[in-house]
Amino acid sequence: MKFFDEARIEVIAGDGGNGAATFRREKYIPMGGPDGGDGGKGGDVYAVGDRNLNTLIDYRYKRTFLAQRGENGRGADCYGKGGDDIELRMPVGTIITDQETGEVIADLDHDGKRVMIARGGRGGLGNLHFKTSTNRAPRKKTMGQEGERKSLNLELKVLADVGLLGMPNAGKSTFIRAVSSAKPKVADYPFTTLAPNLGVVRTSENRSFVIADIPGLIEGAADGAGLGHQFLRHLQRTHILLHIVDLAPFDPEADPVHDAHAIVEELHKYDEALASKRRWLVLNKLDLIPDEEERKARVAAFLEAYGPVERHFEVSAISRSGCQEVVFAIQDILDEEKALAQAAADAAAREAAERGETETIDDGYDTDHDEDDYADDEEEEEKEDRDENPNQ
């Protein structure tokens with residue numbers, strides 16, 4: 001199945017049914033009065049996130065989706081049936097925007113999320129609603145409203161914890177094969193990866209994360225060179241970026257430092273928020289440098305020329321050497337971020353609970369004041385008893 005991460009569709013909600021203007025006609029009831037029912041509501045259009053889908057190919061060819069119209073009202077107080085809703089199932093991570101306004105209508109960021117993207121029209125009113133004491137035979141009715149009609153853009157951004165980026169043939173696909181069960185195509189020529197690949201990395205029975213591999217970037221991608229920035233959107237939801245660098249390129253004239261800086265520059269051109277994400281360097285293909293001293297010297301020279309980095313790793317993806325160290329470091333960072341997020345959520349919940357308790361106490365009555373009231377009431381009762389029975 002081909003990978004499609006963009007689509008344009010048109011959704012049309014159902015029109016509301018028309019109201020009816022009828023009168024009750026029965027034997028021996030000469031003045032039955034109005035009995036026209038209302039029209040039914042038009043069907044709505046919903047978008048639903050589905051984790052079993054990973055492409056927007058279903059919306060590549062069929063682009064118009066129409067919900068059912070509501071039935072018209074009828075006589076004998078019969079209301080029209082509402083139109084059936086339709087659900088459009090889309091991959092988790094799909095963002096739906098209005099083509100005309102650019103407004104984000106929905107972000108299907110988890111499985112099962114259901115969002116209305118077009119509302120059906122209301123049904124018209126029958127003449128039953130317009131009878132009054134002075135107008136006992138109204139012939140007025142209203143027509144059903146039209147359903148919403150929208151032209152939408154669908155954009156898929158895959159949900160992953162870690163994203164891989166680098167030049168073509170840097171070893172990104174080999175790395176994801178080494179640390180997960182994903183099996184992307186691997187070959188000895190550039191641009192073997194033409195679509196994003198996802199892999200689940202499991203570090204223990206209850207700990208895992210998702211890693212995304214996208215096609216390689218080259219210098220000038222912002223101007224359309226190579227595959228351009230077409231797939232960088234899939235890294236915008238990630239927590240960590242792994243910048244894979246080929247430290248032993250086949251081309252003797254290739255400069256790994258220049259290529260690495262070119263990738264960073266392309267990130268800045270595409271999105272500053274993406275460029276500011278945590279980014280670790282993974283120096284790959286060290287197996288092609290058999291001499292240990294030469295390997296250390298080349299790594300040191302690269303780091304000195306590249307500049308300061310938060311963290312770097314030395315690996316050989318083809319032999320899986322050093323890959324586990326990267327995996328466990330990623331898992332530790334993700335667990336730490338998850339713990340911080342949970343702690344913040346718990347603190348917010350506690351503050352909300354404390355505010356609720358305080359408000360409850362403040363809204364109640366003052367305990368001391370109530371005790372004084374009770375004491376005053378008892379004194380008044382004793383006084384009344386003494387007045388009624390002076391001999392006691």
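This is a predicted model: local features need pLDDT of at least 70, side-chain atom pairs count only at pLDDT 80 or more; totals for chains, interfaces and linings use all residues.
Student: Is C78 buried, partly exposed or exposed, and why?
Tutor: The relative accessibility of C78 is 29%. Buried means under 20% and exposed means over 50%, with partly exposed in between. Because 29% falls into that middle class, C78 counts as partly exposed.

Student: How many disulfides does a search of the whole structure find?
Tutor: A disulfide requires a pair of cysteine sulfur atoms within 2.5 Å. When the whole structure is searched, the number of disulfides found is 0.

Student: Which strands stand at the edges of the open sheet of 6 strands, and why?
Tutor: The order of the strands in this open sheet, which has mixed pairing, is β10-β11-β9-β12-β13-β14. A strand with a single partner has one side left without a neighbour in the sheet, so the strands at the edges are β10 (197–202) and β14 (312–314).

Student: Which residue of β11 is the bridge partner of L164?
Tutor: Strand β9, residues 162–166, pairs with β11 in the parallel sense over 3 bridges. Within β11, the bridge partner of L164 is D213.

Student: How far apart in space are T238 and A160, C-alpha to C-alpha?
Tutor: T238 lies in the loop between β11 (208–213) and β12 (240–246), and with a relative accessible area of 2% this residue is buried. Its contacts, leaving aside residues up to four places away in sequence, include A160, D161 and K277. Although T238 and A160 are 78 residues apart in sequence, their C-alpha separation in space is 5.4 Å.

Note on methods
Residues are numbered from 1 along each chain as its sequence is written. Side-chain values use heavy atoms; hydrogens and water are left out. Buried means under 20% relative accessible area, exposed over 50%, partly exposed in between (1.4 Å probe, protein chains only). Helices (H or I, at least four residues) and strands (E, at least two) are DSSP runs, numbered from the N terminus. Contact means heavy atoms within 4.5 Å. Two strands pair if DSSP finds at least two bridges between them.
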